[in-house]
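Subject: Structure handover

Hello,

Please find the structure below, for you to take over. My notes on what was found follow it.

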Amino acid sequence: MFSPRSLDDDIAAVRDRYAPGTPVLDVESDFETLPPAAAEDLGLFVDALDPASYPADWLPEAVPDLLRKHAGPAFTVGLPGDGTVVRTTQTEPPAVLVKRRAEGTPEEFLAFLVAERLVQIGCEPAPGSVDAGGSSGLSESFLPFFGERYRDLDDAIRRPDSETGESTTGFGPTDVFQVANALFDAWVGLHVRDEFASWEEEYPRLFDAWVDAGERLSGRLGGLSGEVARGETEFPSATEYACSAVKHDLDLPAPYGALDTTAYRERGADYAVAWAEKTFAALVDEE
């Protein structure tokens, strides 16, 4: 299921700097979530396993099945939307997993994706930020990042009718999941992008891949709000796109520019929920 990945010199240097001892493993399969039996095989490559579970009352009644499984006691790794390369803090030391679909990813970009996960493992949250999961470093996923405030995020996005409980915005649990993952991605990006920006001299190949990926995103950002207004792009998908640009230090259109702030980096989930309450209330008013 897993095999050690051979690392180029620059990636090995990034690992030594940010996440010493972290195994980088190729995975035989492409996956959204690794089931318990497969995840436990990680024990062959690490010193210890530390499966995470989260309180059931963090979740609203309606959530995607995979999220409920992720919150439960079974040892699972990964969620939909995690990308080609994932990290897990449920092992000691943390591990980086490269999915099988990476075989079709351009070499330089894949190198950056691996380096990015290593930087995330070595990064500590901004002073004052709260990780509801109680672990050091950045959360593995958006669920411990939001903690009990995930229910508030669900209310902000779906804005359920007080009598029927039906969404007044037309968004459902999968949309909440998508927005939550995007907001978490932006928060992580605020923590790590200065590292990428400093790599021009030391790790030029990885720096160039970071810049190139940002340039590929930037062309669409300016018209993103218009796409949403014309109904060409759903708001959750636009949020995902805009938030993915944060780690590249790009100018974001409204209302996403409010996420590219020191306040969000420092306040974390509380800020994200406040942003969602204001943003989705405005969407309802526009309709």
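Two strands are said to pair if DSSP finds at least two bridges between them. Strands (E, at least two residues) and helices (H or I, at least four) are DSSP runs, numbered from the N terminus. This is a predicted model, in which local features need pLDDT of at least 70 and side-chain atom pairs count only at pLDDT 80 or more, while totals for chains, interfaces and linings use all residues. Residues are numbered from 1 along each chain as its sequence is written, and side-chain values use heavy atoms, with hydrogens and water left out.

The chain as a whole

The protein chain has 12 helices and six strands. Its C-alpha trace spans about 55 × 40 × 35 Å along the principal axes. The radius of gyration (taken over C-alpha atoms) is compared with a globule rule of 2.2 Å times the number of residues to the power 0.38. For 287 residues a compact globule would come near 19 Å, and the protein chain agrees, at 19 Å.

Of the 287 residues, 52% are buried. Here buried means under 20% relative accessible area, exposed means over 50%, and partly exposed lies in between (1.4 Å probe, protein chains only). The protein chain exposes about 13,100 Å², of which carbon and sulfur atoms supply 46%. These accessible areas come from the Shrake-Rupley method with a 1.4 Å probe.

A contact means heavy atoms within 4.5 Å. Among contacts in the protein chain with a separation of 6 or more, 69% are between residues 24 or more positions apart.

For charges, Lys and Arg count as positive and Asp and Glu as negative, with His and the chain ends not counted. Each charge is placed at NZ of Lys, CZ of Arg, CG of Asp or CD of Glu. There are 23 positive and 54 negative charges in the protein chain, and their mean positions are 1 Å apart.

The strands

Strand β1 (residues 2–4) pairs with strand β2 (residues 24–27) in the antiparallel sense, over three bridges. In this pairing Pro-4 stands opposite Leu-25 of β2. β2 also pairs with β6, in the parallel sense and over three bridges; there Leu-25 stands opposite Leu-97. On β6 there is a further partner, β4, which runs antiparallel to it and is joined by four bridges. Val-85 stands opposite Val-98 in β6. From β4, Val-85 and Arg-87 point one way and Val-86 and Thr-88 the other way, and all are buried.

Leu-97 belongs to β6 (residues 95–98). Leu-97 counts as buried because its relative accessibility is 0%. Residues up to four places away in sequence aside, Leu-97 touches a set that includes Phe-2, Leu-25, Val-27, Val-85 and Val-86. Pro-55 is 42 residues from Leu-97 in sequence, and the two are 26 Å apart in space, C-alpha to C-alpha.

Helices and a buried loop residue

Helix α10 (residues 235–244) has eight of its 10 residues buried, so it is largely enclosed by the rest of the structure. Among the buried residues of α10 are Phe-235, Tyr-241 and Cys-243. In helix α6 (residues 150–158), the buried residues include Tyr-150, Asp-154 and Arg-158.

Gln-120 lies in helix α4 (residues 107–122) and is buried, at 2% relative accessibility. Neighbours within four places in sequence aside, Gln-120 is in contact with Arg-87, Leu-138, Val-188 and Val-192.

Thr-76 sits in the loop between α3 (65–71) and β4 (85–88), and is buried with a relative accessible area of 1%. With neighbours within four places again left aside, the contacts of Thr-76 are Thr-33, Leu-34, Pro-36, Lys-69, His-70 and Gln-90.

Backbone details to look at

Glu-92 and Pro-93 are joined by a cis peptide bond, with omega about 0 degrees; Pro-93 is in the loop between β5 (91–92) and β6. A cis peptide bond also joins Ala-254 and Pro-255, with omega about 0 degrees, and Pro-255 is in the loop between α10 and α11 (262–267).

Arg-159 is not a glycine, yet has a positive phi of about 45 degrees. Asp-249 is in the loop between α10 and α11 and counts as partly exposed, at 47% relative accessibility.

Regards
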